[in-house]
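Here is a short report on one protein model. Look at the structure first, then read on.

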Amino acid sequence: MTDRGILFVFSGPSGSGKGTILSNYFEKYDDQNIKYSVSATTRAPREGEVDGVNYYFISTKDFDNMIKNNELLEWTCYCDNKYGTPLKAVTKMLDNGTDMLLEIETEGAVNVKKMYPDAVSIFVLPPSVTELKHRLTGRATEEKDVINKRIQTAIKEIGMADQYDYVLLNDSLDSAVEGFRAIVMAERFKTNNNKNTISEVLKK
């Protein structure tokens with residue numbers, strides 16, 4: 001019998017580079033044992049984003065129906081848009097022994113930890129608030145008032161970093177990628193995540 005998969009919760013303020021860390025990790029290591037959970041959102045897609053790959057881009061009405069029907073593991077409202085994690089896909093993967101990765105906001109992460117205390121939470125820190133402002137401004141994909149709102153939200157989120165199991169400082173992309181890999185590997189080797197494996201070895 002396969003051990004249950006590990007639920008990894010990955011958070012960080014907008015502009016911290018969390019998406020870049022994950023894309024570089026999968027490109028470098030081709031880790032087939034962990035799957036990226038695709039969140040649903042009511043916000044419009046940015047240039048280059050693909051529906052069903054980056055997010056499920058849905059209407060507010062459809063999102064509210066998912067809430068009503070208890071189809072979301074967690075959901076939150078962030079910068080006037082709703083974000084949530086479809087429950088069914090995550091549960092199925094974990095039961096099959098596949099690790100799941102949720103890239104979600106801090107409020108959603110807190111809610112996930114309440115439902116799944118064994119979830120492993122990781123918070124990505126930018127080198128500084130000044131650098132974070134520079135990154136967000138350099139995107140040039142959003143209006144100034146939206147950027148200012150993201151900066152204020154980011155400062156609030158960084159204050160919640162001490163509620164996470166791990167903190168990952170993204171002052172160097174290579175170091176951050178290796179740090180994430182170290183966390184994933186360490187969790188996979190924990191005794192509590194290998195009880196079925198131990199029992200199988202004893203039977204041989």
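## Confidence

pLDDT is the predictor's confidence in each residue, on a scale from 0 to 100. It applies here because this is a predicted model. Among the elements of the protein chain, helix 7 (residues 173–188) has the highest mean pLDDT, 97. Helix 5 (residues 129–139) has the lowest, 79.

Across the protein chain, the average pLDDT is 90. A score of at least 70 is reached by 97% of the residues.

## Overall build

The protein chain contains 8 helices and 9 strands. Its radius of gyration is 18 Å, close to the 17 Å that the globule rule gives for 204 residues, so the chain is as compact as a globular protein of that length. Along the principal axes, the C-alpha atoms fill a box of roughly 65 × 40 × 30 Å.

How many of the 204 residues count as buried? The share is 41%. Now take the contacts between residues at least 6 apart in sequence. Of these, 69% join residues at least 24 apart.

## The largest pocket

The largest pocket holds about 630 Å³ of space. Its lining has 26 residues, and G19, R46, E49, Y55 and E103 are the closest to its centre.

Which element gives the largest share of this lining? Helix 1 (residues 18–29) does, with 5 residues. By class, the lining of the largest pocket has 10 polar, 8 nonpolar and 8 charged residues.

## The second largest pocket

The second largest pocket has a volume of about 380 Å³. There are 18 residues in its lining. Nearest its centre lie G5, I6, D118, N192 and N193.

What classes of residue line this second largest pocket? The lining divides into 8 nonpolar, 7 charged and 3 polar residues.

## The cavity

The model has 1 cavity of 30 Å³ or more. The volume of the largest cavity is about 60 Å³. Its lining consists of S39, Y55, E74, T76, Y83, G84, E103, I104 and E105. Strand 5 (72–78) and strand 6 (81–86) are the elements that give two or more residues to this lining.

The classes in the lining of the largest cavity are 3 nonpolar, 3 polar and 3 charged. Two names from the largest pocket return here: Y55 and E103 are among the residues closest to that pocket's centre, and Y55 and E103 also line the largest cavity.

Technical notes:
Residues are numbered from 1 along each chain as its sequence is written. This is a predicted model: local features need pLDDT of at least 70, side-chain atom pairs count only at pLDDT 80 or more; totals for chains, interfaces and linings use all residues. Side-chain values use heavy atoms; hydrogens and water are left out. On a 1 Å grid over the protein atoms alone, a cavity is a set of points where a 1.4 Å probe fits but cannot get out, and a pocket is an open set with protein on both sides within 12 Å along at least five of seven lines; lining residues have an atom within 4 Å of a point. Grid points are joined across faces, edges and corners, and a volume is the space filled by probe spheres set on the points. Helices (H or I, at least four residues) and strands (E, at least two) are DSSP runs, numbered from the N terminus. Ala, Val, Leu, Ile, Met, Phe, Trp, Tyr, Cys and Pro count as nonpolar, Asp, Glu, Lys and Arg as charged, and the others, Gly among them, as polar. The radius of gyration is taken over C-alpha atoms; the globule rule is 2.2 Å times the number of residues to the power 0.38. Buried means under 20% relative accessible area, exposed over 50%, partly exposed in between (1.4 Å probe, protein chains only). Contact means heavy atoms within 4.5 Å.
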